[in-house]
Amino acid sequence: MTVMSRFPGNGYLSGKIEGLAPFGILARLPAMGRIVLRGTSAGVQHDRIGRVHRVGRSGGTALVRGACHEAIVDLAALSGIVIHRAPDPLRGSDPRLDFLDMGGMPIFSVVGIDGFGRFDPVLSRMQHSPVRRPARPPIVLPSPCPSMPSDDPARWPFCRLCDTGAEVAIVLDRVGLRQVWRGRIEAFRVASGCLDVISDDFGLQIPAGAVAGWQVGAGRIAAIGPQGRPIGLCLASEAFA
């Protein structure tokens, strides 16, 4: 066993955690202080921010709860966990855990925003083995846009939520992870071609063109992507009743 290894070509330290099942790591999240649990689907990034209050298990699923958050993790979808302790040029300098699918690609990540002081003691005695990043499968995403057009379909639900002040549940639902945040949207911004919702306990980023429209139900809307299929982002609120 080696304590750390380097991904070929990127120069930052990483290692695959050995000897502990994914639920064993999830159960330690309350001891890590403030974290970001980050899920992505079709370019949309959904971040729960803050302390995890408790982690439970029911059969093959783990339930991660915080003040305004709930995440349900399908443990059978996870093949392992990779820890990163040194800066990633794309994802910042905070320590990070990537929870991998059966193909070795991240389903979601946990970022320790209280830094190494809370993160490392929780994981310090674990063994790590070298890891190699698998070839990334082709993913069809909207072309990057320098700006988001004023008529981009992603905008209108958030304009309505800001206008009404209604509470909303924002759900990211993808293979292996269902994550929910509940609260009120007081404002959003559009920058660098993305719609951003940023608060103390939540972050959401939607690239321009990622949402082609919305499937409307009773008090609930689901984002539809450019290929005409749901992308895993749903909003539930009286504002859409």
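Two strands count as paired here if DSSP finds at least two bridges between them, and the strands themselves are DSSP runs (E, at least two residues), numbered from the N terminus along with the helices (H or I, at least four residues). The model is a predicted one, so local features need pLDDT of at least 70 and side-chain atom pairs count only at pLDDT 80 or more, while totals for chains, interfaces and linings use all residues. Residues are numbered from 1 along each chain as its sequence is written, and side-chain values use heavy atoms, with hydrogens and water left out.

Eight bridges tie S12 to strand S13 (residues 177-184) in the antiparallel sense, with Asp173 sitting opposite Arg178 in S13. S12 and S13 make a hairpin that has two residues between them, and Gly176 in that turn shows a positive phi of about 90°. S12 also pairs with strand S19 (residues 230-237), again antiparallel, over five bridges; here Val171 faces Cys234 in S19. S19 in turn is joined by four bridges to strand S18 (residues 220-224), and the two run antiparallel. In that pair, Ile221 stands opposite Leu235 in S19.

Put together, these strands belong to an open sheet of eight, in the order S5-S6-S7-S13-S12-S19-S18-S17, with antiparallel pairing. At the edges are S5 (54-58) and S17 (213-217), and each has a single partner strand, so one side of each goes without a neighbour in the sheet. On average, neighbouring strands of the sheet are turned by 20° against each other, direction ignored. Helix H3 (residues 155-164) lies across S12, S17, S18 and S19, running at about 15° to S19. Axes for such angles are lines fitted to C-alpha atoms, for helices over the stretch in contact (heavy atoms within 4.5 Å), and the angles run from 0 to 180 degrees between N-to-C directions.

Then there is Arg48, found in strand S4 (residues 44-51). The Arg48 side chain does reach the backbone oxygen of Gly50 at 2.7 Å and that of Arg51 at 3.2 Å. Leaving aside neighbours within four places in sequence, Arg48 is in contact with Ile35, Val36, Leu37, Gly66, His69, Gln179 and Asp201.

Conventions: Polar contact = N/O pair within 3.5 Å; in protein donor to acceptor, adjacent residues only side chain to side chain.
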